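Subject: A structure for you to look at

Hi there,

Here is the structure I promised to pass on. Have a look at it first, and then read my notes below.

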Amino acid sequence: MKVNPYFFLFIFTGVAVFFPLAPLAMAWMWRRFFQPAKPGPDKNATYECGIEATGEARVQFKSQYYIYCIIFLIFDVEAIFLIPFAVAFTSIPVGAFVGVMIFLLLLVEGLVWAWSKGSLNWTA
């Protein structure tokens with residue numbers, strides 16, 4: 001008995017449609033049958049840690065903190081790229097060594113640029 005080649009494509013398409021739609025359908029049924037229809041004391045009750053919230057929920061931070069964080073993440077990720085170099089330092093060819101030195105030069109250049117712009121000053 002020979003199976004139609006489109007049979008497996010049909011099965012694959014069915015599975016590809018079923019897996020995303022099944023959780024959505026279950027969530028919709030859960031909401032439909034178990035969620036309170038309107039906000040009430042149970043729905044508006046304090047959750048998280050059990051302490052009533054006081055004050056404004058939004059706190060504004062200076063944009064400098066975000067820039068500092070982004071610079072930290074960039075240098076942190078770039079430091080991860082140096083780990084293979086450090087592990088294989090004794091057995092790398094000269095071209096790879098020059099490439100890593102250029103990478104380090106660009107890293108230092110970025111640090112000097114951020115320092116000269118004042119992004120690393122907390123008092124500014």
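A nonpolar patch on the surface is formed by V3, F7, F8, F10, I11, V15, F18 and F19, and together they have about 870 Å² of accessible area. Patches are built from residues with over 30% relative accessible area and no salt bridge, joining nonpolar side chains (Val, Leu, Ile, Met, Phe, Trp, Tyr) within 5 Å and like charges within 9 Å. Areas come from the Shrake-Rupley method with a 1.4 Å probe, and for residues only the protein chains shown count as cover. A salt bridge is a side-chain nitrogen of Lys or Arg within 4 Å of a carboxyl oxygen of Asp or Glu.

Please keep in mind that this is a predicted model, where local features need pLDDT of at least 70 and side-chain atom pairs count only at pLDDT 80 or more, while totals for chains, interfaces and linings use all residues. Residues are numbered from 1 along each chain as its sequence is written, and side-chain values use heavy atoms, leaving out hydrogens and water.

The protein chain has 3 helices and 0 strands. Both are DSSP runs numbered from the N terminus (helices: H or I, at least four residues; strands: E, at least two). I11, from the patch, lies in helix α1. This helix covers residues 5-34 and reaches 44 Å from its first C-alpha to its last, close to the 44 Å expected at 1.5 Å a residue; the expected span is 1.5 Å times one less than the number of residues. At L21, α1 bends by about 30 degrees, and P23, a proline, follows within four residues. The bend is the angle between axes fitted to the seven residues ending there and the seven starting there.

Now for the rings. Those of Phe, Tyr and Trp (its six-membered ring) pair if their centres lie within 6.5 Å; planes under 30 degrees apart are stacked, over 60 edge-to-face, and the rest tilted. The count comes to 7 aromatic pairs. One of them is the tilted pair of W30 and F34, with 4.4 Å centre to centre and 40 degrees between the planes. Both lie in α1, 4 residues apart, about one turn of the helix.

How buried is the chain of 124 residues? Buried residues make up 8% of it, where buried means under 20% relative accessible area, exposed over 50%, and partly exposed in between (1.4 Å probe, protein chains only).

Enjoy exploring!
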